[in-house]
Amino acid sequence: MKILLVVFALVALAVASELDDQWDQFKAQHDKYYTPKYELLRKRIFAENVNYINKHNVEAQHGLHSYVLGVNQFADLTNKEFKELNRFRVGSMGSLGTNGSFIPTYEDIPASVDWTTKGAVTEVKNQGQCGSCWAFSATGSLEGQYFLKTKKLVSLSEQELVDCTGPEGNQGCNGGLMDQAFKGIQRLGGIESEADYPYTGSQGSCQFDAKKKVTTVTGFKDIPTGDEKALTEANANIGPISVAIDASSFQFQFYMGGVFDYSGCKNGEQDLDHGVTLVGYGNEGGKDFYLVKNSWTSAWGVKGYIKMSRNKNNQCGIATAASYPLL
């Protein structure tokens, strides 16, 4: 009995030491600093998250999941706290865009498309603590359209959208809609580059300078809501598409690779809480997927991207509120 107690004590010490190492590595990698009392809370949450991640990945090794999880910059947050970072605002979705709705032909399309390999997608960005996902989604699709028209890839200003599209109903770091962002660009008469109007991660007064505009938009089109075939066709033939998703799950919080097939995802209008950019689609291991660009730095997911289930009854609502701008 004494020998067993010693063994259990040694195992416990080894586990605690490994957790301490992981915690220190996490803090160093993500520049995390806490007061001593606050650190105890964050470390406890971190430990619970690591245990969940490890359990999930063991199940994935046994074929129970098609994706794996990993420690990232959100590992010291509860899922409730994480949800507060998502600020897509549900609005009058399902209505026609200013130039009508995308009309699919449902004809044959390529088996796969990846706009990142065609030069139409800028590097993964970082929205920080500001709930401006909608602005990053809007610039993502607009950058793609501008590239396809001019063959020039220019990073466009999310900060302009955060600062200047309040009249359209957007609320800066407290949320917004991609369609309202497109309307704002149209009203303003253009959008500046990231270099000329850099991102600060907080809302300020509108500083738009029409002399520095890169492009404008003449309107936008919405994809028929819930129609994955139409969404896939638009992505193949039009380019990167702005989409909204249900990103509230613990699984999405720590996604690290594979095809994200999570039956707990919801797809109703009221369930959407995050704006992202659809940049391609394909099939991996027999599972159809959409390639989605996020705005949480390259430390999240697969270098900032996620493969979300395709042809799975509009899982996570990826086809519920999709649109793209017109130049």
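Gly189, which directly follows helix 6, adopts a positive phi of about 95°. Helices are DSSP runs of H or I with at least four residues, strands are runs of E with at least two, and both are numbered from the N terminus. The model is predicted, so that local features need pLDDT of at least 70 and side-chain atom pairs count only at pLDDT 80 or more, while totals for chains, interfaces and linings use all residues. Residues are numbered from 1 along each chain as its sequence is written, and side-chain values use heavy atoms, with hydrogens and water left out.

Helix 6 itself is mostly covered, with 8 of its 11 residues buried; buried denotes under 20% relative accessible area, exposed over 50%, and partly exposed the range in between, for a 1.4 Å probe and protein chains only. The buried positions are Met178, Asp179, Gln180, Ala181, Phe182, Gly184, Ile185 and Leu188. These residues pack against helix 4, helix 5 (158-164), strand 3 (219-222), strand 4 (241-245), strand 6 (274-284) and strand 9, where contact means heavy atoms within 4.5 Å.

The axes of helix 4 (residues 133-150) and helix 6 (residues 178-188) come within 8 Å and cross at roughly 65°. Axes are lines fitted to C-alpha atoms, for helices over the stretch in contact, and angles run from 0 to 180 degrees between N-to-C directions. On the helix 4 side, Trp134, Ser137, Ala138, Ser141 and Leu142 take part, and they meet Met178, Ala181, Phe182 and Ile185 of helix 6. By class, this contact comprises 7 nonpolar, 2 polar and no charged residues; Ala, Val, Leu, Ile, Met, Phe, Trp, Tyr, Cys and Pro count as nonpolar, Asp, Glu, Lys and Arg as charged, and the others, Gly among them, as polar.

Glu168 lies in the loop between helix 5 and helix 6. Glu168 counts as buried because its relative accessible area is 18%. Apart from neighbours within four places in sequence, Glu168 contacts Gln180, Lys183, Gly184 and Arg187.

Asn311, not a glycine, has a phi of about 60°, and is classed as partly exposed because its relative accessibility is 42%. Cys316 is found in the loop between strand 8 and strand 9 and, although other than glycine, has a positive phi near 65°. Cys316 counts as buried, since its relative accessibility is 1%.
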